[in-house]
Amino acid sequence: MDKEHMQQLKHIILAPYMQLSTGLIGKGRHAGGNMFRHQIDTLGILIDYGYIDSVLLKAALVHDTVEDIPDFDRNEIINADSDGKDVLELVLEVTRREDEDKRQFLRRIINNGSQKAKILKCADRISNMISLGFVTDPKFIERYCDETEYYLLPMALEIDFNMYQELITLVRTRRRYLEDGGYFDNRHKDSSSDKLK
């Protein structure tokens, strides 16, 4: 990061959003850890890729609050600081609606999401794919890799080629784990034996 961007980053106040995200500390994740740490990871990934837009970084810190904290008061984001209204708008773009399944949600972001929503969703998925390395449920890993290939790779290719490359690498390593563990061979055997019944 060059000096100009470091200076811009220096003036972004994240503490109010970090405080709001602590409400996710008790919310566990499939890979272990908790949702608060995931918010921090997502923020770190954005900074690592050179994103220093204040609304984007603040939204990264609270991107799962509306969806994962029961009865979360959205006004807490609006009132956090002068960016609050824009931060909430971005958070709602990357929040799954009650009438959406996962596919509909991801298609909505691909087709109608803002540039910032797509960037945030890709950083979120990079964090999730890294955590996937700690998951031992092969069906979950396969489904998550399939979803990433189908929905997130096209999104990443559109907005940030470096994120795209990282996601490809993460999918490849997670699929190799399944392959090395014999998952695909066993799945094939299971489906063959089902046909014989």
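Predicted model: local features only at pLDDT ≥ 70, side-chain atom pairs only at ≥ 80, totals over all residues.

User: How far apart are the end C-alpha atoms of helix α10, and what span should its 22 residues have?

Analyst: Helix α10 covers residues 138-159, and at 1.5 Å a residue its 22 residues should span 32 Å.

User: How much space lies in the largest pocket, and which residues lie nearest its centre?

Analyst: The space in the largest pocket comes to about 530 Å³. Its lining is made up of 24 residues, and those nearest the centre are R29, M35, K102, N128 and Y144.

User: Which element gives the most residues to the lining of the largest pocket?

Analyst: Two or more lining residues come from each of α3 (35-48), α5 (65-68), α8 (102-112), α9 (115-131) and α10. By class, the lining of the largest pocket has ten charged, eight nonpolar and six polar residues. The element that gives the most, with five residues, is α9.

User: How many charged residues are in the lining of the second largest pocket?

Analyst: The second largest pocket holds about 260 Å³ of space, and its lining includes V66, E67, R74, L92, E93 and R108. The elements that give two or more residues to this lining are α5 and α7 (84-93). By class, two of the lining residues are nonpolar and one is polar, while the number that are charged is eight.

User: Is R108 buried or exposed, and which residue's backbone oxygen lies 3.0 Å from a polar atom of its side chain?

Analyst: R108 is found in helix α8 and is among the residues that line the second largest pocket. Its relative accessible area is 12%, and because buried means under 20%, R108 counts as buried. The residue whose backbone oxygen lies 3.0 Å from a polar atom of the R108 side chain is E93.

User: Where does D71 lie, and what is its phi?

Analyst: D71 lies in the loop between α5 and α6 (75-78). Its relative accessible area is 81%, and because exposed means over 50%, D71 counts as exposed. Although D71 is not a glycine, its phi is positive, at about 55°.

User: Is G26 buried or exposed, and how far apart in space are G26 and F161?

Analyst: G26 has its place in the loop between α2 (15-21) and α3. With a relative accessible area of 78%, G26 is exposed. G26 and F161 are 135 residues apart in sequence, and their separation in space, C-alpha to C-alpha, is 34 Å.

How values were computed
Residues numbered from 1 in each chain as written. Heavy atoms only, no water. Helix = DSSP H or I, 4+ residues; strand = E, 2+ residues; numbered from the N terminus. Expected span 1.5 Å × (residues − 1). 1 Å grid on protein atoms, 1.4 Å probe; cavity = no way out; pocket = protein on both sides within 12 Å on 5 of 7 lines; lining within 4 Å. Points joined across faces, edges and corners; volume = space filled by probe spheres on them. Nonpolar A, V, L, I, M, F, W, Y, C, P; charged D, E, K, R; others polar. Buried < 20%, exposed > 50% of the residue type's maximum accessible area, 1.4 Å probe, protein only. Polar contact = N/O pair within 3.5 Å; in protein donor to acceptor, adjacent residues only side chain to side chain.
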